[in-house]
Amino acid sequence: MTGEYIHREFGKTYSIRGVSKLLHRMELSYTKPTYTLAAADEEKQKLFVETTFPRLIISRERRY
């Protein structure tokens, strides 16, 4: 799924191991979900996507 996103957004193709190494270099990792969020709070998710997540991306970009 991550590799598909990279290909779709950036036109680059990575093997599964390549994606894993790329994530590691970026201090990220892939974890398989162990459950579904059937009772997830949509407002909290929206707040995260609109405020917290963009700050994380900006912080990460400053490192590189």
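Biologist: In which helix is Glu50 found?
Modeller: This is a predicted model, where local features need pLDDT of at least 70, side-chain atom pairs count only at pLDDT 80 or more, and totals for chains, interfaces and linings use all residues. Residues are numbered from 1 along each chain as its sequence is written, and side-chain values use heavy atoms, with hydrogens and water left out. Helices are DSSP runs (H or I, at least four residues; strands are E, at least two), numbered from the N terminus. Glu50 falls within residues 42-63, and that helix is α3.

Biologist: Is Glu50 buried or exposed?
Modeller: Buried means under 20% relative accessible area, exposed over 50%, partly exposed in between (1.4 Å probe, protein chains only). Glu50 has a relative accessible area of 52%, so Glu50 is exposed.

Biologist: Which residues form the negative surface patch?
Modeller: Patches take residues with over 30% relative accessible area and no salt bridge; like charges are joined within 9 Å, nonpolar side chains (Val, Leu, Ile, Met, Phe, Trp, Tyr) within 5 Å. Asp and Glu count as negative, Lys and Arg as positive; His and the chain ends are not counted. Each charge is placed at NZ of Lys, CZ of Arg, CG of Asp or CD of Glu. The negative patch is made of Asp41, Glu42, Glu43 and Glu50.

Biologist: How much accessible area does the nonpolar patch have together?
Modeller: Areas come from the Shrake-Rupley method with a 1.4 Å probe; for residues, only the protein chains shown count as cover. Val49, in helix α3, is exposed at 54%. With Phe48, Phe53, Leu56 and Ile57, Val49 forms a surface patch of about 450 Å².

Biologist: Which residue pair forms a salt bridge?
Modeller: The rule asks for a side-chain nitrogen of Lys or Arg within 4 Å of a carboxyl oxygen of Asp or Glu. The count is one salt bridge. Arg8 is exposed at 58%, while Glu9 is partly exposed at 45%. With the closest N and O atoms 4.0 Å apart, the pair is Arg8 and Glu9.

Biologist: What is phi of Glu27 near?
Modeller: Glu27 lies in the loop between α2 and α3. Most residues other than glycine have a negative phi. Phi of Glu27 is positive, near 60°.

Biologist: What percentage of the protein's residues count as buried?
Modeller: The protein has three helices and zero strands. The accessible surface is about 6400 Å², 58% of it from carbon and sulfur atoms. Of the 64 residues, the buried share is 9%.
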